[in-house]
Amino acid sequence: MQNMDWDIFRFVMAVSDSGSAVAAAKKLGVNPSTVLRRISKFEAENSVRLFERLQTGYAPTVECAAIVETARQIENSVAEIGRDIFGRDLRLEGKLTVTTTDSFLHAFLGPCLAEFSTLHPRIRIEVTVTNTRLNLTRHDADVAIRASRKPPDTLIGQRVSAVGFAVYGPPSLTAQLPAGRQLEDCRNLPWVGIGETLTGSPIGGWLDKNIPESSIVMTADTFSGIRDCAAAGGGFAVLPCCLGDQAAGLERITPPVTEMETSLWVLTHAGLRGAARVKAFTDFVVRALRSHRGALEGTAAQPD
């Protein structure tokens with residue numbers, strides 16, 4: 001294994017984690033054919049079989065699992081070195097990577113980020129918008145702005161507020177409801193459900209318990225997508241109040257549902273808290289978001 005290209009282990013770990021060359025390619029920002037070619041070349045050059053090619057995807061072999069475990073240790077060590085260097089950086093300049101969801105970016109974070117950039121023009125913010133939770137321990141991002149009932153123990157940060165969820169519907173459907181409309185009145189009408197990436201969110205269990213599967217006529221894998229489908233007349237939907245209350249073409253049917261409530265957090269890795277630009281950003285964004293507490297919790301005055 002002389003002159004080994006260590007970049008290959010990113011490919012091996014990505015396929016092992018996802019079980020799919022397509023998903024791995026998306027994560028790595030390359031074509032699926034590139035992933036397959038790199039994996040096949042490594043197997044041929046080192047006389048090792050990394051994956052069993054099954055109809056359901058790629059299953060790691062015992063040899064692959066051992067390689068991934070060692071590669072993960074190396075990856076974590078490199079990330080720790082990076083965090084240590086970053087955490088000692090007292091300059092208010094350089095790159096800052098932030099991960100959040102489309103809901104919060106649309107509702108509040110766009111203007112917030114713009115204002116921070118005006119105050120600190122030498123800090124370059126790179127935003128990753130995804131419902132997939134990036135691993136801050138591996139330094140996939142410096143700061144995460146996300147909803148969670150219990151953040152990982154490896155991260156530190158501040159709770160901004162509660163995040164409320166409610167049921168919304170388009171006028172074409174709400175007009176069919178009786179006066180004093182209740183959730184029971186719309187259970188059997190069309191609904192927009194959630195896609196796979198949102199199944200771990202608080203609304204997944206609530207929908208399963210309260211809405212018949214036969215009422216789910218379509219799904220979307222982001223709350224912005226759900227909002228757009230619902231507003232177009234696709235059906236009723238559960239949305240974060242900060243997104244649904246702003247949406248043209250939707251009316252709120254219920255107050256915030258306690259069972260679905262979660263919390264908004266601004267999080268970073270403990271090793272990065274000493275970095276000046278991380279502290280400046282997290283302090284700023286927490287203050288800015290707390291000024292929208294009513295909208296986040298769903299208790300702000302509703303438009304007529």
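The protein has 11 helices and 12 strands, where helices (H or I, at least four residues) and strands (E, at least two) are DSSP runs numbered from the N terminus. This is a predicted model, in which local features need pLDDT of at least 70 and side-chain atom pairs count only at pLDDT 80 or more, while totals for chains, interfaces and linings use all residues. Residues are numbered from 1 along each chain as its sequence is written, and side-chain values use heavy atoms, with hydrogens and water left out.

Let's start with the overall picture. Taken along the principal axes, the C-alpha atoms fill a box of roughly 75 × 50 × 30 Å. Of the 304 residues, 47% count as buried; buried means under 20% relative accessible area, exposed over 50%, and partly exposed in between, with a 1.4 Å probe and protein chains only.

The buried residues of α3 are T34, V35, I39, F42 and E43. Seen down the helix axis, these buried residues fall within an arc of 165°, so they line one face of α3. That arc is taken from the directions from the helix axis to the C-beta atoms. On the other side of α3, R37, K41, A44 and E45 are exposed.

S47 has a positive phi of about 50° although it is not a glycine. For context, most residues other than glycine have a negative phi. S47 also counts as exposed, at 72% relative accessibility.

Now for the charged contacts. A search of the whole structure finds 16 salt bridges, each being a side-chain nitrogen of Lys or Arg within 4 Å of a carboxyl oxygen of Asp or Glu. One of them pairs D17 with R72, with the closest N and O atoms 2.7 Å apart. This pair links distant parts of the chain, since D17 sits in helix α1 and R72 in helix α4 (residues 62-87), 55 residues apart. D17 is partly exposed, at 43% relative accessibility.

Another salt bridge joins R122 and E93 (3.3 Å, N to O). R122 lies in the loop between α5 (102-119) and β4 (123-129) and E93 in the loop between α4 and β3 (94-100), so the pair ties together parts that are 29 residues apart in sequence. R122 is exposed at 59% relative accessibility, whereas E93 is partly exposed at 25%. D245 and R252 also meet in a salt bridge (2.7 Å, N to O), and here R252 counts as buried, at 18%. Salt bridges that share partners join D7, R10 and R38 into one network.

W6 belongs to the segment before α1 (8-18) and is exposed, with a relative accessible area of 54%.

Finally, the cysteines. The whole structure has zero disulfides, a disulfide being a pair of cysteine sulfur atoms within 2.5 Å. The sulfur of C241 is 7.6 Å from the closest cysteine sulfur, in C242, which is too far for a bond. C241 is buried, with a relative accessible area of 0%, and C242 is buried at 1%.
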